[in-house]
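Q: Could you take a close look at the salt bridges in this model, both inside the chains and between them? I would enjoy a connected account with the cut-offs spelled out.

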Amino acid sequence: MIGNLLGVLFDGIAYGSLLFLISIGLSVTMGLMNFVNLAHGAFAMLGGYVCVSLMTRLGVPFLAALPVAFVATALVGMVLERLLYQRLYRASHLDQVLFSIGLTFMAIAAATFVFGPTQQPVSLPEFLRGQVQVLGLDLGAYRLFLIAVVIAITLALGYLIERTRFGAQIRAAVDNPQASAGLGINVNRVFALTFALGSGLAGLGGALGIDVLGLDPTFPIKYMVYFLLVVAVGGAGTIQGPLVAALLLGVFDVAGKYYVPEIGAFVIYALMVVLLILFPAGLYGRRA
Amino acid sequence: MMGDKVTTLLKQTHVQPATLRRLLHDRWQALEVVFWLLPLAAFFLFPDYLVLGSQILIVGLFAVSLDLILGYAGIVSLGHAAFFGIGAYTAGLLAVQGWGEPLSGLLAGGALAALVGYAVSFLVVRGGDLSRLMVTLGIGLMLYEAANKAAFITGGVDGLSGVEMWKLLGLFEFDLYGKTAYLYSLAVLFGCFVMLRRLVNSPFGLSLRGLREGPKRMPAIGAPVRRRQVAIFTVSAAVAGIAGALLAQTTQFVGLDVLGFPRSAELLIMLVLGGAGRLYGALVGAAVFMLAQDYLAGLNPAYWQFWIGLLLVVIVLFARGGIMGGLEVLYARLGRKAK
Amino acid sequence: MTVALRTQGLSKRWGAFQANSDISLSFPVGARHALIGPNGAGKTTFINLLTGVYAPSAGEVFLGEERITDLPQHQRVKRGLTRTFQINTLFPGLTVLESVVLAILERKGMAGLWHKTVASQREESAEAWELLKTLHLERDADTLTRSLPYGKQRLVEIALALATRPKILLLDEPAAGIPAAESAELFSVIAGLPREVTILFIEHDMELVFRFAERITVLVGGRVLTEGTAAQIAVDPRVKEVYLGEAQHG
């Protein structure tokens, strides 16, 4: 029983950390630029497809493909931000939603056209397959790897935000863009770089998550609600909020599907509605 | 008596009658009459396309329901299909259980959707745009999942079949060519539209526009904002439910897709395409979208999705008022040229 | 002397920042009262507390004898407490006439009517027209609010407040951004309001303040520095220091 519970917990945490990795970019976008970007999942999908393409068409090993996925998605993010997204920062949330739905549709159609509608397989390196013995429990090696990567990135992000000048600029711009501009911070550059970073992380998450979340052209729509949930419940503009929310969501989703499979996804949506009733501004939120 | 008082006031204050006339009214314009003759004409001119025609009319009514909350009151919703689906399943299940009377089924669908809409509205009116998006999205997804799992009631992925309808008004049988269905849909659409047209031009309608245009000013002039939002959300849900019930009754089938997110997203696209906040924009958008989809999606579904996505991006960036907005600009320019 | 509006120990804090501290003021019926103070003194916050836009961290607000501290914004308006906004808070997509008619319909509790058109509400439209005439806005009746120049928008801001037939009118820098001639005109409209209407206004233009205010409260750093008649405040050395001191740094 305990073994099962711990196993579910572990899987849930792995799943949640993946969601967190992808959603952190969305949290910053919504908190910083006040932009509701429903197309965020498309960036994760892009990272996944870049990784798969590199592995199957160029024979690049998985671990080497990951950073490329990150960089490629970050670049695409930066280009789209400068060309399109920045025109809509002052627009209504509805306009932003419509715009990002449009982008999502385009991304899905393009992915279907290039890669076909089926799931993409991924061949993980040998040492990441199978189980690892930790404290008497058999834990999936890949999920351990996932958690480790996310922990490392979270720490790096924390360092970036708290200790570097760029991080200070981001924090200032989140707090008060006008005052920041007045202080000489190039807010446009901060926006562009943070959007790129957020998209890149999403792409990395998408690539890492092929084995856990799957990868097919409907990925952005399938998981969109999860990413939004993480940010809405956790509170846009913070790191701790989405982290807690993502872990909660991951654990509840896995537990729900394991213990009460007849209800399945219903649990998550019900949880979301309840949490939003109790915390309209998110768990750690400052902006709703 | 009242007329005397007003006339005196008017004489004293030199009110220009034209100004008062430009306040919200519901006098029928010539173009509107022409507009409503079109579906009637289509009935006689395109007898082979009546099934598609009914679909357009039904989705048009559905789009009008979204315009009420989105175009007029400014409430964003990503889950409006929930009420459409509730209406559809209610009417469908009633018929499957043996009660195939169309009009009562229609009202039942609308009533249940209104009830659920009322309950949900309290969640929706709290919080800002993002919270609304999430709640409406979540409710839609929840309902979809629930309907999926409750396959023993709803038929799940296979859908609900065996929806047999009795004669409409005891006289008109639902025929294979869809004639009865078409005229039935047109009558319901027109009836609802006339009522809603009065509503959006009423003081209540003006206050809805006030909510959309100045949400911070409304409480400062004494408006009970939440009460109004709850009211219009409930009405909107009821109309969506009626549209859903119509679909179930005219196609005699209810698929799970009536509740799905793609339906909610497509509805948003139709409304934006046609132009929100004008009631007629919803109808125009629905018609254009459905016709285009019927023609193009058949050719290549991936292309369809891509171009719709692109169209949406372009509209948001450059043509915010949609088709109706564009026509209005054109009309204004022509009017200026005439002078 | 009946008290129209009264606060007791009203305070508002945001985290570590104390916007209003322990403000206890009392305004009799028919007052012509100005609230002055340097930028950031908490004057708009005070108005937001009075009207219910913010909930106080401490203290109470009384409308006559009634405690309204927990009453939502729109219900305070229904009881006669109306405010204008420092930054135009209007209906950009409605015409001037529509905006004022809406305010009048709300006041009369008719804005829930759904089965009659607005155009058929002749009495309310006539009243709106009257109001527009007093503010010389009649020629802009059919103009969309967003198309109006700033000065005219400011007048619409006042019109909306007047349409609610307030018993207590709180004006937040009503003349901000309007040239002197028009602001004097605006103030004379306000001065022309019935004597029973209690008026509290925030203003920076000292000439207007001394012309129209009978009593003045000075707010500095969220607290009441002093209060008195216009004559008293004009010669108060502390007030001079607050403003002159500011001028020296600014």
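A: Happy to. A salt bridge here is a side-chain nitrogen of Lys or Arg within 4 Å of a carboxyl oxygen of Asp or Glu. The model is a predicted one, so local features need pLDDT of at least 70 and side-chain atom pairs count only at pLDDT 80 or more, while totals for chains, interfaces and linings use all residues. Residues are numbered from 1 along each chain as its sequence is written, chains are lettered from A and ligands numbered from 1 in the order in which they are written, and side-chain values use heavy atoms, with hydrogens and water left out.

Let's start within chain C. There, C:Glu214 and C:Arg195 pair through their side chains in a salt bridge at 3.2 Å, N to O. The two partners come from distant parts of the chain, 19 residues apart: C:Glu214 sits in the loop between helix H7 (206-212) and strand S10 (215-220), and C:Arg195 in the loop between helix H6 (180-191) and strand S9 (198-202). Helices (H or I, at least four residues) and strands (E, at least two) are DSSP runs, numbered from the N terminus. C:Glu214 is partly exposed at 40% relative accessibility, and C:Arg195 is partly exposed at 45%. For these labels, buried means under 20% relative accessible area, exposed over 50%, and partly exposed in between (1.4 Å probe, protein chains only). Also in chain C, salt bridges with shared partners tie C:Glu60, C:Arg67 and C:Asp70 into one network.

B:Arg198 belongs to helix H9 (residues 179-200) and B:Asp26 to the loop between helix H2 (17-22) and helix H3 (30-45), 172 residues apart.

Now to pairs between chains. A:Asp95 forms a salt bridge with B:Arg320, the closest N and O atoms being 2.3 Å apart. Because A:Asp95 lies in helix H4 (residues 93-115) of chain A and B:Arg320 in the loop between helix H15 (301-318) and helix H16 (322-338) of chain B, this pair joins two chains. A:Asp95 is buried at 10% relative accessibility, whereas B:Arg320 is partly exposed at 32%.

Between chain C and chain B, 2 salt bridges are found. C:Glu106 and B:Arg228 meet in a salt bridge there (2.6 Å, N to O). Around this interface, 46 residues of chain C are in contact (heavy atoms within 4.5 Å) with 37 residues of chain B. Over all chains, the structure holds 24 salt bridges.
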